[in-house]
Amino acid sequence: MTIKELLVINHTHTDFGYTDYADTLFRHQRDIIDDALDLVDHEQGRDPDSQFKWTCEVSAITADWFRHASDAQKDRFRDLYGKGLVGVGAMPVHWTPLISPANAIRSLKHLHLLKQEGVEAKIAMQCDVNGLGWFWSDILLDLGVEGFLLEPNPHRGMRFNDMMRIFNWKTPSGRELFTVHGWHYSVGVNTFFFGDDDMERTQSTIDRVLGELDKRGQYPFDKAILPVTNPAAPDNGFATRGISDFIERWNAEGRTPRLRMATVEQAMSEVRDSVAKSGVTLDSHAGDWSDFWVDGVASTAYETMLARSAERLLPVIDLLAGFAEKGDTTLLDKAAEEIQYYDEHTWGAFCSVHRPDSPFTRIQLSWKTARAHNGFALAQETVRKEAQKRVREVVDGNVEGDFRLRRIDRHGDKGPTSRGLPMPVSEQSYYVMNPSSVARSVYWPVLHDHAGSSPQTILDAYVSEKYLTGMQVRDGDLPSETHVIAVDLPPFGEAVVKPVPVRPAGGISSGATWIENDRYRLEIDPRDGSLKSLFDKQASRECVSGEYPLGQVLYETLQKPGAGRFATFGGDYDWSHMETVVWPEKTEFSRRSADKVVVDAVRQNSMGIEIGLTLAWSHGDTMTVTYRLPHQGQGIEMDTMIHKLPVTTPESLYVCFGAPGGSPQIRLDVGDRIIDPATQQVPLSCEAWIGIQGFAALGTDAGALVVASPDAPLVQPFGIQTENAGSGRKGNDPSLAFWVLNNHWDTNFALTQSGGIPARFRLLPQATLDIKEARSFAETTGTAPVIVRAYNSQTREAAPLLRVDGNDEVITRIRKAWDGDGIVVTLVNQSDRSTDLALELPGHDFAQVQLVDPMEQVVSDQDLKREGSAVRLTMAAGGTTYLRFAR
């Protein structure tokens with residue numbers, strides 16, 4: 001056998017739920033670490049090869065232990081860590097691709113705490129899930145992480161025989177992260193039978209599995225990592241007692257390969273040395289490591305919509321808090337953490353499907369969905385509070401929320417001009433901020449003045465269908481029909497404006513099934529509710545293909561529903577032979593468009609002209625769709641609302657966007673990076689469905705279409721791919737299929753979904769594929785401006801809080817420094833060339849500007865070059881830079 005030594009790492013797999021109630025598991029995991037420390041202490045007298053060692057898998061749990069541990073226990077941990085008997089993983093939790101780059105950085109506060117406790121994690125681990133977002137690779141290297149270990153699950157994921165490979169993961173900035181794609185975390189007990197104390201059975205399995213590796217020639221190194229979890233509880237289980245005895249006896253009998261206990265840091269170091277000794281040049285793979293398991297986020301589609309909406313608000317709050325004199329990120333931290341635990345990979349209980357109404361299942365699913373609910377509510381509350389603080393520093397009048405306008409006499413407090421409130425709409429003033437790094441033209445409805453009534457913790461401008469489908473809470477809260485808020489703002493710009501009369505687009509006209517303005521003519525196909533025509537007048541181009549429908553909604557079930565979920569995932573598996581855990585080669589699905597389509601009357605309001613339709617399926621589901629041609633701004637708006645019945649058989653729903661022409665190419669926003677899924681994925685990634693952050697774009701030889709998707713993150717490129725086992729995309733259709741919801745998973749996740757589930761899509765036809773325009777379109781349509789009523793304040797011209805000159809392909813984010821001293825600016829160069837930048841903060845004085853890492857640790861003692869009030873720097877192609885402006 002090529003492998004001469006197996007490096008045994010013992011850890012538990014961390015699920016927030018699944019095996020037990022989630023809140024309970026935080027306490028349980030603390031007990032696990034305490035117990036592991038006891039076992040490490042107890043076994044210190046053994047031979048070094050069999051001496052017990054423990055690895056703490058994720059930093060969120062390790063940090064939680066430090067927050068609750070006694071000083072004596074902390075000292076004990078640090079002592080054993082220093083001796084190399086305890087290891088620590090750097091990844092905060094096991095992520096789905098839902099996590100945004102901005103929130104990923106906020107999750108590093110767990111690592112920040114560990115560093116303060118004297119623990120520096122050098123290896124990142126992801127378990128269960130089958131990949132990691134590409135943007136993480138640069139973050140990890142910037143943190144000093146030396147290697148990445150993936151222990152994926154073949155169930156609903158990567159095939160066992162595709163595991164065990166080592167390569168360098170090439171980051172967007174061109175650096176390389178040493179990466180071990182290992183076996184599933186439970187392989188030590190489920191396949192190699194550690195803990196059964198049956199040497200012959202273990203020997204037989206090792207000979208079989210390593211022999212197959214040798215036949216395939218995919219692992220030419222003499223050392224490999226063997227993860228071992230508790231045989232009784234691979235997930236959330238205690239340290240494995242008896243493993244040291246097993247290793248000592250195995251080695252004493254002269255069995256091969258030799259076994260050695262190690263922490264994850266030691267194991268990765270030994271494997272790296274083995275690679276160097278072999279003389280083999282590792283492959284280098286650049287691209288996103290798209291995860292098979294991400295389809296589960298569509299099993300709680302409503303909460304995913306809430307979580308994505310809240311996640312987009314986090315950088316907005318950071319911006320506001322950073323520039324407000326008394327900005328506070330306490331609530332922001334809570335909101336971010338709630339969303340992080342929603343973005344984490346665990347959904348519900350192990351019995352969610354076969355015992356959906358058990359308290360064990362319902363409580364866990366409720367905990368998970370509550371993370372989205374709480375995160376959304378906290379984000380709404382925090383953005384209002386921080387916006388009010390900023391506005392009070394800018395305007396000269398009173399601010400929304402400052403008045404007690406519901407006095408018993410029904411008369412409001414008087415403003416400086418002695419004018420009663422509420423004021424006539426034309427005399428109101430509004431503070432407006434553009435929270436994004438691209439310029440935007442704000443065109444927003446003038447919302448009803450709530451006059452201090454509920455909801456008191458949400459900005460009035462956000463209690464609006466313009467902000468989010470379903471946000472309007474009162475029938476009487478209709479926006480003004482005569483005035484709108486309209487202002488052009490630079491990146492990170494702010495202004496104080498008064499409403500202006502509605503500015504309808506030119507060329508407005510309509511018929512029973514069509515609407516148009518001076519830019520587009522849109523016609524509904526009454527047969528299936530898709531678009532029969534979308535004509536771009538400016539480009540003189542038809543955007544609808546006769547073969548690949550645009551806006552078609554498809555409902556999917558199994559052709560033989562009685563086959564159940566195992567028809568999709570291959571039935572009962574033999575986990576003692578993990579190579580049997582594979583998907584069926586073909587699953588037969590039945591897909592159909594709506595059985596009935598009703599086109600509604602055309603409507604016109606202050607935002608645009610719109611046409612609605614209602615789709616109905618024979619099993620009882622309905623869906624309302626509204627197409628809107630906005631009076632101002634780019635593109636076409638598509639708002640959908642699924643009215644869902646609780647169906648227990650496997651089902652899915654797609655919204656498909658096809659385009660005319662051939663030679664399709666697709667670009668996907670996977671978080672600070674725009675990838676070509678045909679060429680920029682790590683080999684053996686999931687090619688069938690990919691989690692996106694902002695948009696998907698489809699280009700052909702006849703034009704292009706950008707689809708910004710604020711609510712639904714799953715897209716299947718080149719047509720529906722659900723039959724496929726992820727890797728190995730089939731077909732080359734010029735189509736994007738958004739997977740809005742599903743419930744076909746066969747273990748955890750919700751069994752059914754019901755009620756109203758909204759999803760918005762924003763469509764931008766292009767003559768040719770323009771990625772910079774696509775990113776700008778997605779950012780400005782996905783993240784709302786900050787709008788606060790300022791009553792009788794004087795107007796102020798638009799001015800930027802931060803000016804970045806040099807390259808419009810650089811993404812910029814601003815946050816308040818974690819210690820409260822100044823701000824941190826994140827710059828992401830999405831271009832393939834180095835770029836010179838000049839940064840300026842008009843009206844703000846900072847004593848020092850330093851390069852820092854993602855955890856705000858200084859990486860250079862020298863200040864950056866300054867010319868007057870501007871700071872100059874050069875960014876590497878694809879690189880990310882963090883600047884701290886300290887007062």
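**Notebook: pockets and cavities**

I began with the second largest pocket, which is lined by 29 residues, with R440, S441, K466, T780 and T781 lying nearest its centre. The model is predicted, so I note that local features need pLDDT of at least 70, that side-chain atom pairs count only at pLDDT 80 or more, and that totals for chains, interfaces and linings use all residues. Residues are numbered from 1 along each chain as its sequence is written, and side-chain values use heavy atoms, with hydrogens and water left out.

I looked up which elements give two or more residues to this lining, and they are α11, β12 (440–445), β26, β35 (755–766) and α15. Helices (H or I, at least four residues) and strands (E, at least two) are DSSP runs, numbered from the N terminus. I recorded a volume of about 640 Å³ for the second largest pocket. By class, I found 13 nonpolar, ten polar and six charged residues in its lining. Here Ala, Val, Leu, Ile, Met, Phe, Trp, Tyr, Cys and Pro count as nonpolar, Asp, Glu, Lys and Arg as charged, and the others, Gly among them, as polar.

For the terms, I note that on a 1 Å grid over the protein atoms alone, a pocket is an open set of points with protein on both sides within 12 Å along at least five of seven lines, while a cavity is a set where a 1.4 Å probe fits but cannot get out; lining residues have an atom within 4 Å of a point. Grid points are joined across faces, edges and corners, and a volume is the space filled by probe spheres set on the points.

**Largest pocket**

Two or more residues come from each of β23 (596–604), β25 (622–630) and β26 (636–644). I counted the lining by class as ten nonpolar, twelve polar and ten charged.

**Cavities**

I found 14 cavities of 30 Å³ or more. The largest cavity has a volume of about 660 Å³. Of the 34 residues that line the largest cavity, R312, P315, E779, T783 and R813 lie nearest its centre. The elements giving two or more residues to that lining are α4 (101–106), α11 (301–323), α15 (771–782) and β39 (810–816). I note that α11 gives the most, with six residues. The lining of the largest cavity divides into 15 nonpolar, eleven polar and eight charged residues.

Last, I looked up the second largest cavity, with a volume of about 120 Å³. It is lined by 16 residues, of which T96, P97, L132, G133 and D288 lie nearest its centre.
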